[in-house]
Each structure stands twice: as structure tokens, then as C-alpha cells.
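Hi,

Here is the structure I said I'd pass on. Have a look at it first, and then read my notes below.

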Amino acid sequence: MAEINADEILRRLSARLKMRHLILLLNIQQHGSLTRVAEQMASSQPAITNALSELEGMFGGALFDRSTRGMAPTSLGKLVLARAQAMLHDLDHLVRDMATAAAGYSAHLHVGVIPFIPGRLLSAAIGHTLPEGQGGMTVTLHEGTSDQLLPRLQDHSLDIVIGRASSAVDLQQVEFEVLYRQQPRLIASRRLAAQLGRVRLDWSRLVALDWILGAPNTPMREQVTDIFLAAGVAPPVPIVESYSSKLIGEMIVASERAVSIVPADIAEELVRTAGLSIVPYSFDWTLPPIAMFTRAGGARHTVALFCAALRGLCQEA
């Protein structure tokens, strides 16, 4: 990329860049054709072409490569598109904050969480974030795997992610802090758990039961596979694959043969909410720790307060 005059580009953008320009860029990225973009934005192709030319003049370089296969962002275009998406998400958050304030609350957070995070921990963190008399806050929870959620943190869709810290996740423009590590527990219906608890751990017997496990290539599923392989037994083929702890608990309670391995804090929550039991077996795993992720460069005030509340609760546990 050629040397740029940052001050000059900033002056041009400050004077001329509009929100409609950002929307135009994202539409071009989505549709790959100025003709389709013109139809989508109820405009003419010459007007869209002129607007793109104006944008490229502001940024001082081509934002898209044109070919017979359509339009693809240049290296400069990728940088601009990432920031454009973030700016539009920030605008959406501003509107949500305004609605939250109008309803008498102080703030709204978008929190990404992996499924195996206890609801009681999240509820307590939300309740401890703002002191009494400050209006409280509202939260939208977004579930997914860590590799699904972190890109949404990077593009400003989310304010914070509670997931797993591992070498497999992209930590560009992200800061993280390990909160705690989870230990494994075998769960089953009360009757089956009582039967299993009266005998020694027998992997060949366990593998013949009906297993309910997470999706392939997720940390939880890989850990269960590793546990069986370490015991010299081929891992079970699950009768059901689910990443919902609630569904796992309900299905295990409804069956006299179903079992699963989940983190201890999730198992304890399912004992209370679903009525299942924990089998008193002990085995090791190396599941990546639970961590909280925020964008690099400092979190806004309410996010920092939420992080402090979450950190304090995990230290007390």
C-alpha cells in the first residue's frame, strides 16, 4: 500500500463521509455487483458508480477489484469494510441505549456466551454490575461457540464475550482474562446414576450407554473423545448431538440409559433445574479455561463494570 497522508485523509473523511457511504460499501460487499446494489438501494447504477468513485477518492485508493466474477474488496477495502461494519453496529447500540434510557435503565449490553456457562453466574454478574439507585441495565445474550462469537466482538456487534481461551480462537484486536477452569462430571438420571455409583468406573460399560454430546469439532466433544481414547476405548457415537445444556438435562432425565459429560458447574445447575444426578466418578481433562474477552483499547464504562462484577464472582467461587 502506498504511503498515505493520514491527516489529509482524516480531513476529507470528517468533511464528506456520510452514513449512506458506509451502507453502500456493505451492500457492494454483499452483492458484488453495482447493478444489484442500485436495485437494492433504489438508485441508478451511474449514481452508485459515482458514489463509489467519491468514496475511493476520500480514502485515496481502490476499495474493490472489478472482474467478470463481480467485485471483491481490495486490502484497503477490507480495512474500510471492517470499520464500516463496526460504526454501523455502534450506531445500532446507540439507538438501543437511547431506548433503554427512555425505559428508565442506565445501559444495555450485548453479551456473547458459550452454552456451557451457568445461568446463575450470568444473572449474578448482571445484578452486581450497577449499584442500587443507578437504574440497572438490560442485556441481550447471544449464544454461540467462541469462534463464532469473537468475530462479532471484533466488528462491534457484541460488547463482551464469555468463552474459552485457546490457540484456536482469533485474538486480533481482542483482550482476554481467564476467569476459571471447569472440571468434568458424568451426569445421568437418578436411577442410572445410583446404579453406576455402586460399581467401579468401567469405560467399556459406559461406552455402551446412550450418549448425548455436543457437536463435532467443539472443545467439549473433543474432550470427551480424548477421555475415552486415554482409557483405551473407542469414543461413543452419540444418539443425540446438542450444544444446549437445558436440552441435554431434559433428555437425560427422560431416559434410563442416557448419559453425558459436562462441566461441573453446569452439572450442578442441572441437578437443581432438571432433577438429574452426578455420578461420583473422577477423570481428568484439559478443557480450555473460561475467559472474558473485550475489544483492545479499553472497554466503555458499563462493560468495565460488568467485567469487574464477573471477575469478583469467579474469585469468590
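Let me start with a domain interface: domain 2 and domain 3 bury about 940 Å² between them, and 67% of that area is on carbon and sulfur atoms. In case you wonder about that number, the size of an interface is often given as the accessible area lost when the parts come together. On the domain 2 side, the residues touching domain 3 split into 5 nonpolar, 2 polar and 2 charged. Bear in mind that this is a predicted model.

What else links the two? There are 3 residue pairs in polar contact between domain 2 and domain 3, both residues of each pair being at pLDDT 80 or more. Salt bridges between domain 2 and domain 3 come to 0. As for contacts, 9 residues of domain 2 meet 12 residues of domain 3. The centres of these two domains, taken over C-alpha atoms, are 28 Å apart.

To find your way around, the protein is divided into domain 1 (6–83), domain 2 (104–181 + 289–316) and domain 3 (184–282).

Is Val279 buried or exposed? Its relative accessible area is 1%, so Val279 counts as buried, the cut-off being under 20%. Leaving out residues up to four places away in sequence, Val279 touches Leu186, Ala188, Ala193, Leu196 and Gly197. Arg190 is 89 residues from Val279 along the chain, yet their C-alpha atoms are separated by 9.0 Å.

Cheers

Methods: Residues are numbered from 1 along each chain as its sequence is written. This is a predicted model: local features need pLDDT of at least 70, side-chain atom pairs count only at pLDDT 80 or more; totals for chains, interfaces and linings use all residues. Side-chain values use heavy atoms; hydrogens and water are left out. Buried means under 20% relative accessible area, exposed over 50%, partly exposed in between (1.4 Å probe, protein chains only). Contact means heavy atoms within 4.5 Å. Domain bounds come from an automatic or database domain assignment. Buried area is the accessible area (1.4 Å probe) that two parts lose on being put together, summed over both. A salt bridge is a side-chain nitrogen of Lys or Arg within 4 Å of a carboxyl oxygen of Asp or Glu. A polar contact is a pair of N or O atoms within 3.5 Å; within protein, one must be able to donate a hydrogen and the other to accept it, and residues adjacent in sequence count only if both atoms are side-chain atoms. Ala, Val, Leu, Ile, Met, Phe, Trp, Tyr, Cys and Pro count as nonpolar, Asp, Glu, Lys and Arg as charged, and the others, Gly among them, as polar.
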